[in-house]
Amino acid sequence: MKQYVEIKNASIHNLKGIDVKIPKNKLTVITGVSGSGKSSLAFDTLYEEGHRRYLMFSGTQFMVESESSFDKITGLSPTVAVEQRIIRQSNPRSTVGTRTKLTAVLATLFAVYGNLNPDYNNGRPLEASMFQRNSARGMCVKCLGKGTSNHVCEEKILSDFSMKLKDILNGQVDGGAYQRFLRKFERKTSISCEKTLEELSEDELLIFKYGNADTEGFITWIGNEWSWSQGKKTGVQN
């Protein structure tokens, strides 16, 4: 088997008599300025010729005849094109695995021969859908498939009980969003945000933290409002 795909005198679009040797079984990246012929080499030359040869030797009746844009290509195998542009394929999220259906085969393989983690064994057998990225069946219930989960550290945010409710975040986040929360909280509960945490009754403190049927509490609000990257300073932890 040849160790290289060798192209002689590729001449199409912006390619003008290019000779290239590409090593096989390695990842090769084609780079260059816009208009230098990267796509012409990868798709209009390599992919199209590999696709044409595959159809020809597989006995497919439907063939598209076209004039060669090169003198010779050796060492070329059947080709699969995966890219982001809509003009070449319908789904911009496609990968080699989804394009070739390999991910579906692997999901079935894992479902048949895989073993459940004892910490997450709920008695439900493994299914192929649990290993497919677009299925919620295998999604972690803690992080909801995001890979990370966040929680609010109350002790860090509400450490100073002498601080007034209006000053708790103290410029660590967007003041406008917090002020809107406070105005709504005061309107719904009649609890003054001029009070300090230590001045709140036990019931008022619980309402401020967790809310009630009429309003959202501070802990819930900040957990929903701020992402992990914004919440590093405010006690939202991974």
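Biologist: Which side chains meet in a salt bridge at 3.3 Å, N to O?

Modeller: E194 and K164. A salt bridge here is a side-chain nitrogen of Lys or Arg within 4 Å of a carboxyl oxygen of Asp or Glu. This is a predicted model, where local features need pLDDT of at least 70 and side-chain atom pairs need 80 or more, while totals for chains, interfaces and linings use all residues. Residues count from 1 along each chain as its sequence is written, and side-chain values use heavy atoms, without hydrogens or water.

Biologist: Where do E194 and K164 sit?

Modeller: E194 is in the loop between α5 (175–189) and α6, K164 in the loop between α4 and α5. They are 30 residues apart. Helices are DSSP runs of H or I, at least four residues, numbered from the N terminus.

Biologist: How many salt bridges does the structure hold?

Modeller: Seven. One of them pairs E49 with R53, closest N and O atoms 2.6 Å apart. Both lie in helix α1, four residues apart, about one turn. E49 is buried, at 6%.

Biologist: Which residues of α1 are buried?

Modeller: S40, L41, F43, T45, L46, Y47, E49, G50 and L55.

Methods:
Buried means under 20% relative accessible area, exposed over 50%, partly exposed in between (1.4 Å probe, protein chains only). Helices (H or I, at least four residues) and strands (E, at least two) are DSSP runs, numbered from the N terminus.
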